Amino acid sequence: MIYREAGQFKTSYAADQQLFPIRQDRIGILILLAVVFLAIPGIASEYWFSAILIPFLIFSLAALGLNILTGYAGQLSLGSAAFMAVGAYAAYNFQLRIDGIPILISFGFAGLTAAGVGILFGLPSLWIKGFYLAVATLAAQFFIVWCLTKFPWFSNYSSSGVISAQKVVILGHEFASPREKYLLVLSIVAVMALAAKNMVRSSTGRAWMAVRDMDVAAAVIGIRLMPTKLLAFAVSSFYCGVAGALYAFCYLGSVEPDGFSLDMSFRILFMIIIGGVGSILGSFLGAAFILLLPIFLDITLPWAAGLLGLPFSNATVSHIQILLFGTLIMFFLIVEPHGLARLWQIGKEKLRLWPFPH
Amino acid sequence: MSKKIGDVILDLQNISLRFGGVKALTDISFDVREHEIRAIIGPNGAGKSSMLNVINGVYHPQEGVIVFRGQERKRMEPHHAATQGIARTFQNIALFKGMSVLDNIMTGRITRMKANFLEHALWLGRARREELEHRKKVEEIIDFLEIQHIRRTPVGRLPYGLQKRVELGRALAAEPSMLLLDEPMAGMNVEEKQDMCRFILDVNDQFGATIVLIEHDMGVVMDISDRVVVLDYGKKIGDGLPDEVKNNEDVITAYLGASH
Amino acid sequence: MQFFMEVLIGGLLSGVMYALVALGFVLIYKASGVFNFAQGAMVYLAALSVVGCMEKGAPLWLAIILAFAIMTLFGIATEKFVLRKLVNQPPIALFMATIGLAFFIEGLAPMVFGSAPRALDLGIVDEPIPAILDAWGIVISKFDLVAAGVAALLVTTLALFFQYTRIGRALRAVADDHQAALSIGIPLQHIWAIVWGIAGFVALVAGLMWGARNGVQFALTFTALKALPVLIIGGFTSVPGAIVGGLLIGASEKLAEIYLPPVMQSLFGGNFGGIEGWFPYVLALFFLLVRPEGLFGEKHIDRV
């Protein structure tokens, strides 16, 4: 099918402001939804669900959260994993301490708890910017993880803060198999991604981007900086919090505070740099890239080493992986600061003009 | 042109502004009448931009009284000025570089949009309706400024002259009753200047906006402004009709040096 | 009281070690406006280079010279291949690039020199000084004192270098105003390469000290995390700030580690060790609240 918008005339602003104004895009998204909701559950194996698809969706959600804060509102955070931890532990405690609370409500409350903590640690953003703020978010990273480890109440007095997530039961049906968990995570992520897209294409998102691009000018045209920045922190942390709850309940099953490390925060940051800062699609592309690269290396490197007859160890694989992450970050920042999402965009533009590029 | 100049809407009395030990403005008083085009001129570093920043609340003068629409103003933040109908453009363009022309101008209407982020997230009735209503208004401005062809372009990629025009569009989108323009024609060629003059006069005429204008091009100032105030080293050295100011001794000295 | 003094002095001396790392940050930030998150990774690389060269049979002095050469080359390469390409990007992009750089080093260095933790023997023993122990009954390690001396020497050398050499003056000019420096004919990229070289040297000194004390291992990269709050407290642009900030953090976190947990324990029950991990950050946050430009930093006014 040719990707072209010729002949599709917009006769109203409503038509022009649709989510996907080009007909081919609308068809594409329908096909995508059919594939992820219908086809994949039919054909994917357990390994695919539990080792690739579920973590991919959860990290996409976390990356989406960070992208709202960093990509759209321009406030750099190095503490995403800590907000995921807040979500995971909050959901656990809501399930534990409130009898009969529906799990989805727990997830929602977990997001709200994370949002509250996010606002608290977002307060410094009102008077500091850039890497000063980054350092402040490191405070969140270290302090939150320490609190969850040291205050035994959070983990219901388990040793070293480990929690085991409760069963996921919705309307009497238990989501036990990886396939069911995948569908649950997918539904939540799809709804939240749509909500995020709606926010960033409306005046909420424009206010965030205005603050990001030039805060003085934003204030002069009537945007109140404080609520705008704090809203970005709250929404971002909400997304990370829900991602954290899903991480505990639908992916790992049991988690410990130290699992939500600075390293994980960095990985989420890398997802948005590589995927595309300030792009919803980029959050997904980046998460896929960062999660798949190690798997790809695990498979190909030993093989390549064997082929060349080089000595090889598992440590080397992890070193190469870290090295590659670093190189890719620098590469993308230099060559394509808008990441994979931009490359996708360019590809589409090319396709629109094909086969007559001039 | 039968323009009706009204009463004083902005009265600045004895404004002084310091940064640490540096005096940016010293004891400056002047007023602005409704519907007029009021120019502020003066050599570089005279304090013209600081004056605009005082008017819309970016800087807070240490001394002086500001009366806007009959009300004495206390300490005020920039977004208050925006809600009171004061919009402005900047000397060094202050557009949102990562956003399209359309989105930049849409931000200008932000104080008029009431839906909150939850309504936006769910894309409910009011959020959706507002986006459409305001889009319509913004398209009118886009038509007025003749920038239809670039509405989807990120402003960072536009040439300088067009960026200035988009910035004016963003300010106009707020439907301001007072418009502060900081060197709207700096760095433009003759043709672009003529376009910009036309837009400013039209804004003044059709929208009825009061305009406070900083400009270096004396020809432009003399042509379009109703009254002119002259600053030098943070002090007022002249105030009056363009012709009066042009023949003022102090002003000539400030511009041409002592021994002209 | 004696115990308090001992903790305090111990903290101050470890603060010297933080200051050593913070110094590298300040140098690069002053000269190029880059907030170099990779400084900790550079400390790791420097220390690994030294032990790596010694394992290949080089004596200590030669290993140090070789490591210095490696660090300088590395600094110049970083400037040439990464930062020069990012000129005119927002500072936050540069910051993220240095996070990438840190990962790059953390992957590369152990591949070249091996990742097993190793000891680095500089010939200074880490034991109490008998004279002080006898006179005041306070335990002060010989090693810590030497480290403090080295730090003082380093700061003095740098100060003299900046004050009295041609390159030093050019560096200060660049730090003041890039455009102006460029316009009077100071070659910026040249200068930046030198600054990265010097930062590499500072990383080497810090790597030697930290490596000798705690062993050469991956944990050396975390020194960067210790240095960040130091910078906030001291100000990003101030060498004395880095020193004072380091001392302040070192002393306060050790005191907090000793005196806070018992208090918290009596309040909440349980074990509250490990305060060191976050205390400097919370202290830094507090400073941001009161004095955002840091103790010695410069305040600036946004112009519009």
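C:Leu13, C:Val16, C:Met17, C:Ala19 and C:Leu20 in H1(C) meet C:Asp144, C:Ala147, C:Ala148 and C:Ala151 in H6(C). Sorted by class, the residues of that contact come out as eight nonpolar, no polar and one charged. Keep in mind that this is a predicted model.

**How H1(C) and H6(C) pack**
- The axes of H1(C) (2-32) and H6(C) (residues 142-164) come within 9 Å and cross at roughly 40°.
- Because of that angle, H1(C) counts as oblique to H6(C).
- The crossing of H1(C) past H6(C) is left-handed.

**H10(C), a mostly covered helix**
- H10(C) runs over residues 223-234, and its twelve residues should span 16 Å at 1.5 Å a residue; the end C-alpha atoms are 16 Å apart, so the two agree.
- Eleven of the twelve residues are buried, among them C:Thr223, C:Lys226, C:Pro229 and C:Gly234.
- The cover over those buried residues includes H1, H2, H9, H11 and H12 of chain C, plus helix H6 (130-150) of chain A.
- Just past H10(C), C:Gly235 has a positive phi of about 95°.

**Where chain C touches chain A**
- Chain C puts 40 residues into the contact and chain A puts in 35 residues.
- On the chain C side, H4 (91-113), H10 and H12 each supply at least two residues.
- H4(C) gives the most to that side, with 17 residues.
- By class, the chain C side has 30 nonpolar, seven polar and three charged residues.

Technical notes: Residues numbered from 1 in each chain as written. Chains lettered and ligands numbered in written order. Predicted model: local features only at pLDDT ≥ 70, side-chain atom pairs only at ≥ 80, totals over all residues. Helix = DSSP H or I, 4+ residues; strand = E, 2+ residues; numbered from the N terminus. Expected span 1.5 Å × (residues − 1). Buried ≥ 20, exposed ≤ 12 C-beta atoms within 10 Å, placed from the backbone. Contact = placed C-beta atoms within 7 Å. Nonpolar A, V, L, I, M, F, W, Y, C, P; charged D, E, K, R; others polar. Axes fitted to C-alpha atoms, helices over the stretch in contact; angles between N-to-C directions. Parallel < 35°, antiparallel > 145°, perpendicular 65-115°, else oblique. Left-handed = near helix turned anticlockwise from the far one by under 90°.
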